[in-house]
Amino acid sequence: MGSRTVKIRVENDKKAVAAMPSYVPSVPTSNPSGTEANASRSSRMSDFGTLEQSLGFRIEDAIDLTRTGRENWGDSNMADSSPRTDTSTDDTDEKDQRFGRAQMNAIMASDSSDRSKDKTDQKTLRRLAQNREAARKSRLRKKAYVQQLESSRLKLTQLEQELQRARQKGVFISSSGDQSHSMSGNGALAFDVEYARWLEEQNRQINELRAAVNSHAGDTELRIIVDNVTAHFDDIFRLKGIAAKADVFHILSGMWKTPAERCFLWIGGFRSSELLKLLANQMEPLTEQQFMGIHNLQQSSQQAEDALSQGMEALQQSLSETLANGSSGPSGSSGNVANYMGQMAMATGKLGTLEGFLCQADNMRQQTLQQMHRILTTRQSARALLAINDYFSRLRALSSLWLARPRE
């Protein structure tokens with residue numbers, strides 16, 4: 001609107017000036033002479049004076065007024081248009097700023113989206129790695145569980161076979177009868193199971209020892225294996241001592257052994273002197289000192305065995321006399337009942353010494369193995385342990401053949 005007003009006003013001024021009579025003569029193309037020019041100039045001046053008098057003001061004032069008006073119009077126009085221009089500029093700057101902010105927001109949003117996407121990818125990769133590790137561990141646990149089940153199945157099968165052999169030997173758990181008999185039967189069966197486990201571990205250690213001897217292993221490695229086998233013998237002596245407290249007759253009778261082994265049984269185990277005789281023939285060559293050591297050990301073992309055997313014979317004789325000198329039974333008078341109970345109490349006390357004899361015999365066997373281990377070298381001890389195991393393995397094999405023989 002301001003620019004249109006200025007233009008309209010300028011056009012009106014131009015029209016007004018054009019409508020006014022022109023007192024400015026056209027400039028001639030040729031220069032007049034000095035006289036004519038002066039005359040013409042004086043004539044014009046007189047005309048301007050006459051015009052000024054008729055209008056009541058001078059021409060210069062009108063020209064100045066026109067100039068002043070034009071300048072005022074230009075200033076007012078600039079004054080009117082300046083705020084609009086500033087406002088337009090401010091709007092443009094504000095739009096530019098908004099556009100810039102929008103671009104910055106878009107860039108920041110894009111960067112944030114990229115970062116969040118990267119984080120999401122990293123989380124996904126970590127989760128996948130964790131899932132793979134969990135799956136691997138699960139497979140390992142499953143494999144171990146399957147192996148454990150297979151091992152348990154084999155042990156269960158072995159226990160069933162041991163129970164079957166125990167039944168064939170005459171070891172039964174009474175389902176009826178007195179409680180003491182039932183308790184003793186459970187103790188005997190528990191020992192049979194433990195002995196089967198001990199025998200399985202014994203076979204594993206002997207196989208390891210045999211492999212070490214055949215591969216000519218070093219003395220240090222061989223010594224460790226020999227010590228383990230010797231310590232394993234200590235375990236069976238400990239198990240026998242526990243079982244004897246529950247049922248000493250089961251241990252003394254050798255029902256946990258095979259029939260062929262029971263033929264050579266002595267007070268619930270092997271005779272140390274007889275075992276040393278077998279080893280002395282297989283341990284050659286021995287030094288003179290070793291030979292004398294083995295011979296002395298054999299002699300001392302024989303003497304200890306004879307002493308224990310005499311003690312067992314004395315116990316049997318005393319027990320027989322105690323039972324033979326008493327009354328026939330608890331029936332009858334009260335005096336006979338008292339005598340009978342006293343007799344049974346005395347016989348029971350004498351039977352209690354059987355556990356002591358068994359413990360002494362096992363201690364002698366254990367000490368014999370330990371002293372033999374000290375006399376022989378590491379490799380000689382390894383060969384001696386292998387010979388002892390082979391001897392008892394042949395006895396068990398002989399029993400199996402005997403039980404499997406054809407019967408008419």
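**Rings, charges and loops in a helical chain**

Colleague: Is Phe191 buried or exposed?
Modeller: Phe191 counts as buried, because its relative accessibility is 4%, under the 20% cut-off. Bear in mind that this is a predicted model.

Colleague: And Tyr195, buried or exposed?
Modeller: Tyr195 counts as buried, at 6% relative accessibility. Both Phe191 and Tyr195 belong to helix H4, residues 179-214, and they are four residues apart, about one turn of the helix.

Colleague: How many aromatic pairs does the structure hold?
Modeller: The structure holds seven. Phe191 and Tyr195 form a stacked one, with 6.3 Å centre to centre and 20° between the planes.

Colleague: Where in the chain do those two sit, again?
Modeller: Phe191 and Tyr195 both lie in helix H4. Another aromatic pair is made by Trp198 and Phe233, and this one is edge-to-face, at 6.0 Å centre to centre with 65° between the planes. Trp198 is in helix H4 and Phe233 in helix H5 (residues 219-246), so the pair links distant parts of the chain, 35 residues apart.

Colleague: Which residues do the ring pairs link into a cluster?
Modeller: The cluster consists of Phe191, Tyr195, Trp198, Phe233 and Trp256, linked by ring pairs.

Colleague: Stepping back, how many helices and strands are in the chain?
Modeller: The chain has 12 helices and zero strands. Of its 408 residues, 26% are buried.

Colleague: What share of the contacts join residues at least 24 apart?
Modeller: The figure is 77%, counted among contacts in the chain between residues at least 6 apart in sequence.

Colleague: How about the accessible surface, what does it come to?
Modeller: It comes to about 27,800 Å², and carbon and sulfur atoms account for 55% of that.

Colleague: Which residues form a nonpolar patch on the surface?
Modeller: Tyr145, Val146 and Leu149 do, with about 300 Å² of accessible area together. Val146 is in helix H3, residues 59-169, and is partly exposed, with a relative accessible area of 46%.

Colleague: Back to rings. Which charged end sits over the ring of Phe392?
Modeller: The charged end of Lys257 sits there, 5.5 Å from the ring centre.

Colleague: On to charge pairs. How many salt bridges does a search of the whole structure find?
Modeller: The search finds 13 salt bridges. One of them joins the side chains of Arg204 and Glu201, at 2.5 Å from N to O. Arg204 and Glu201 are three residues apart in helix H4, about one turn of the helix.

Colleague: What does Arg210 form a salt bridge with?
Modeller: Arg210 pairs with Asp390, and the closest N and O atoms are 3.0 Å apart. This pair links distant parts of the chain: Arg210 lies in helix H4 and Asp390 in helix H12 (residues 378-403), 180 residues apart. Arg210 is partly exposed at 29% relative accessible area, and Asp390 is partly exposed at 22%.

Colleague: And Arg396, which residue does it bridge to?
Modeller: Arg396 forms a salt bridge with Glu261, the closest N and O atoms being 3.6 Å apart. Arg396 is in helix H12 and Glu261 in helix H7, 135 residues apart, so this pair also links distant parts of the chain.

Colleague: Arg396 and Glu261: why do they count as buried?
Modeller: Because Arg396 has 16% relative accessibility and Glu261 has 5%, both under the 20% cut-off.

Colleague: Last topic, loops. What is phi of His216?
Modeller: Phi of His216 is near 55°, a positive value in a residue other than glycine. Most residues other than glycine have a negative phi. His216 lies in the loop between H4 and H5 and counts as exposed, at 64% relative accessibility.

Colleague: Where does Ile267 lie?
Modeller: Ile267 is in the loop between helix H7 (259-263) and helix H8 (272-282). Ile267 has a positive phi of about 50° although it is not a glycine, and Ile267 is buried, with a relative accessible area of 11%.

Note on methods. Residues numbered from 1 in each chain as written. Predicted model: local features only at pLDDT ≥ 70, side-chain atom pairs only at ≥ 80, totals over all residues. Heavy atoms only, no water. Buried < 20%, exposed > 50% of the residue type's maximum accessible area, 1.4 Å probe, protein only. Contact = heavy atoms within 4.5 Å. Areas by Shrake-Rupley, 256 points an atom, 1.4 Å probe, with all protein chains shown as cover. Phe/Tyr/Trp six-rings, centres within 6.5 Å; stacked < 30°, edge-to-face > 60°. Lys NZ or Arg CZ within 6 Å of the ring centre and 35° of its normal. Patch = residues over 30% accessible without salt bridge, like charges linked within 9 Å, V, L, I, M, F, W, Y side chains within 5 Å. Salt bridge = Lys/Arg side-chain N within 4 Å of Asp/Glu carboxyl O.
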